[in-house]
Amino acid sequence: MKYALNAAQEDLCAELCEAWPDDARCALACAATADVWDGVSTVPRGVRVALKLQELGADADSLLTGLLLDPRLPPATAESLSRQLGERVAARFQQAGRLNSLLQSYRSGQNAQWLENLRRLLLSAVQDVRVILIQLVYRLEELRGVSQVPDHPQRSLLAAQTLDIYAPLAHRLGLGQIKWELEDLAFRFLEPHTYQRIARLIDERRAEREAWLAEVKAALSTALDRSGIAAIVYGRPKHIYSIFGKMQRKRLDFDRLFDVRALRIEVPSVEDCYAALSVVHSLYSPIEGEYDDYIARPKPNGYQSLHTAVRALDGKAVEVQIRTPAMHAQAELGVAAHWRYKEGGGAVDPFAEELNRLRLALAEGEPAYTQSREVFVFTPQGDLIALPAGSTVLDYAYRIHTLLGHRCRGAKINGQIVPIKTVLQQADRVEILTQPQAAPSREWAQAGAGYLTSASARGKVRNYFHQQEIRAAREIGQGIADRLFRRLAVSRVERAELMVALKVKSEEVLFEALGTHRLSTTAILQAVRQLRQPPVAPLPAPVLHGHGQAADLSFDGMPASPARCCHPRPGDTVLAFITRGQGLKLHRQSCPNIVRLAAEFPERILAVQWPSDGARWQDLLSLELLIDGMESFWSDLGAVLAPFKARVVESRSRLERNSGLTDLALTLELPAVIDSTPLIKRLQSLSSVASVQRRVGG
C-alpha cells in the first residue's frame, strides 16, 4: 500500500516498518502517520511527539503510541488497537488515556502535599514508565504548539500544570533535557515580564561573558592535557527558570550568581573525574561551601557529577561540572538513556526498575512503597487524599474527621451508593453519608471484621467506647464522692487540698478513679483525716488494783505503796518506780525524787492510775457511741478496745453500698475507773472512721 508521504513521514514510517516487518502492521502505522498529517501545513502534534521520541531512541511501540495520541485521529478502543497493532501499543495507549483523565482533576494553587498526592496517583495508574516518558514529550510538544498561538485560552492552566506535575516527574526520571525546556516554556507563559527581564540580562553581556569563558576554557583544557587527562571542556547552557529559582532560593541578584558562567568537563572514567577536579582546584581558587560530590552520593534520580565553583580570571566566579559520558547521558536523558544504551539482553527490565524507583522517590521516604501500597481518592470538594491500599469507605471517613467516621452509615462513590465496607479504588470520588445521632459499633474495631484496615481508625473506634466508659464511670464516681463529702462535711477549701493530697489534677479525674475503683473511699477518708490531723489519744495508764487504800494496792501481782517523800493520795497523778524486793513505790508526778529516778532508771518507771475511793475496778461503765466509718472498721476495733479493758455489748449497723460507709450504733462496757475520753479520741483517729459521737445519756 502506497501513501503520498514527505521526507519526514518517510523516515518515521521506515522506523516503524523496520520494527514491524509484518506488512499489515507497517501499513496501519503509515496510514496513521498520513491521516494525522493529511491537509496540515505544519507538523502535527502526534508526529512531533513521535519524532521527538525517535530522537530519544524510543522503541517502535512507543513511537506509534505517541503518534496515536494526536487529537486529530478518531478515538480508538483498546480492543481494536490490540488486534491491529499489538497488546503493548494498546496497553500504553490505554494508560496514557488514563493519565489524561486523571489530570482533569488538577487545580492550580494547591498545596505541596496535594500536588505530591496527584503525582503519586498518576504513577499508580501506569504499569510502564515509558508511558510517563511519552506523556512528558507530548506535553513538551503541546507547549511548543501553544507558544505559536497568541492568547491561547489554556496557556496559563497548561503552564501551571507543567510546573506542578510534569516538570517534577521529568526531574525524578532524570530527564534534564526535557525538564529544562518544560520549565522555561511554562515560566515564559506564567511570568512573561520576569522571563523577559532575565533573558535580557543574559543577553546584555553575552559577548563579554562568552569571551571570558573561552579564555577560562582554554586554560583548563591546557592544564588537563598537561596532566594526561583526555577531557572535553565546553560551556554549559543556562536555563532561565533555573536562574530564577536560584535567585529566589539564595536571595541573590543576577550578577552574584555563580552558575551564570558555567563550564562542563567530560572525562572517560570516574578516576579521571577526581583527577580533573584536582586540576581545577590547583588552577583556580575553590569557593568554600560550593563543592558537591554527586558521584559518591548520587541524587535520587540517578544523577551523578562533581560540582564545584572557583574564582577564575579577574576573581570572577565560574561553576564547573565534571562527569563521564555515561553520567552525561543519564543527566540529560535519565531513564530514556536505556533506549539508546541498551544493556544487552539483561534479565531485569530497566524501565520496570525505574518505575519502582520513581514510586519510591515519590512515597515520602517510605522504603517499601510499591504500586499496591496506596490508593488516592477525591473528596467532593476535589481534595486528594492518600490512604493505604485496601482502605474502605469507613477508613476514608475516619481519615477526614473522627466525628464523620463515628456517624458514617454509607457513601456515594462516583455517584453510586455503597456500604461502609466497600474497598476504595484509585481516583474514586467519595461522598460520606451520615446520620446525626449515629454511633460506631464495637465490631468496627475488630481487625478481621472488614470494616477498617487502618490501625489508627480502629484506635479511634476503641477510644470512642473508652470515652463512653469514662463518662459513665465519672457519673458513678461523682455520686459516691458527693455523698461521701456530705457525710464528712468536706468544705470547698478542703476539696482543693484533697486534690493535691491525692495527686489528681481535677475533681473529674477523682470521680473517674472512684467510678473505676482505682481509688477507694477508704483512701479518700484517710486523706481527709490527714488533712484535718486529729490528735492521737495516748493509751491509758495501767490502773492499780484495790479499793483506794495503800494496803490494798497492787499491779500485776506486785504490791504498791505510796512513797514517804511526797505522800501521794488516791486520785493523784502518780508514777510508779519498780524497786528491788519492795514492789512499786508511788510518787507524785512532781516529786523531785521520781524526776531523778526517771533520769537514772527510765526503764523502771511506770505511769499508773490510782483510783479515788469512790471508784472501784470491779465497777463497769456503759458507753453508747454513734460511729460513721468504713466496713473495715471492725478489723481495727479490737486493737483499740484492748488497752481500755473495754468490750462490745451490743452493735447495730447499716451499710451504704455505693459509698462503702457504715452507720454504726455501738454499746461498750469498760471499767468505771477508766476515763472514756481517750477511748473516743482513739476511735476517731482510726483511718476507717469518719466520725464518733457519744449518745446523749450514754
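**Entry 1: helix 7 and helix 9.** Before reading any packing angle, I reminded myself that axes are lines fitted to C-alpha atoms, for helices over the stretch in contact, and that angles run from 0 to 180 degrees between N-to-C directions. I also kept in mind that this is a predicted model.

With that settled, I looked at helix 7 (residues 112-124) against helix 9 (residues 155-172): the angle is about 65° and the axes lie 10 Å apart. The crossing of helix 7 past helix 9 is right-handed. Which residues of helix 7 meet helix 9? I found Leu115, Glu116, Leu118, Arg119 and Leu122 on the helix 7 side, meeting Asp164, Ile165, Pro168, Leu169 and Arg172 of helix 9. I sorted the residues of this contact into six nonpolar, no polar and four charged.

Entry 2: I checked confidence next. The chain has a mean pLDDT of 81, and 81% of its residues reach 70 or more. Residues 1-5 stay under 50, and the model gives them eight contacts beyond four places in sequence. Residues 340-348 are also below 50, with eight contacts in the model beyond near neighbours in sequence. Where pLDDT is low, the predicted coordinates should not be read in detail, so I moved on.

Entry 3: Strand 14 and strand 15 make a hairpin with five residues between them, and in the turn Gly581 has a positive phi of about 90°.

Entry 4: In what order do the four strands of the open sheet lie? I read 18-19-17-20, with antiparallel pairing. Strand 18 (647-656) and strand 20 (689-694) are the edges, each pairing on one side only. From one strand to the next, the twist averages 20°.

I then followed strand 17 (residues 620-630), which pairs with strand 20 in the antiparallel sense over five bridges. Ile627 has Val692 of strand 20 as its bridge partner. Helix 23 (residues 521-532) packs on this sheet and touches strand 17 and strand 20, its direction making about 65° with that of strand 20.

**Entry 5: helix 25 and its neighbour.** Helix 25 (residues 633-641) lies across strand 17, strand 18, strand 19 (661-671) and strand 20, and runs at about 20° to strand 19.

How do helix 25 and helix 26 (residues 676-684) pack? I read an angle of about 150°, with the axes 10 Å apart. Angles over 145 degrees count as roughly antiparallel, so helix 25 and helix 26 fall in that class relative to each other. Helix 25 passes helix 26 in a right-handed crossing. At the contact, Phe633, Leu637, Val640 and Leu641 of helix 25 meet Leu679, Arg682 and Leu683 of helix 26. The tally for this contact is six nonpolar, no polar and one charged.

Technical notes
Residues numbered from 1 in each chain as written. Predicted model: local features only at pLDDT ≥ 70, side-chain atom pairs only at ≥ 80, totals over all residues. Heavy atoms only, no water. Pairing = 2+ DSSP bridges. Helix = DSSP H or I, 4+ residues; strand = E, 2+ residues; numbered from the N terminus. Contact = heavy atoms within 4.5 Å. Parallel < 35°, antiparallel > 145°, perpendicular 65-115°, else oblique. Left-handed = near helix turned anticlockwise from the far one by under 90°. Nonpolar A, V, L, I, M, F, W, Y, C, P; charged D, E, K, R; others polar. pLDDT = per-residue confidence, 0-100.
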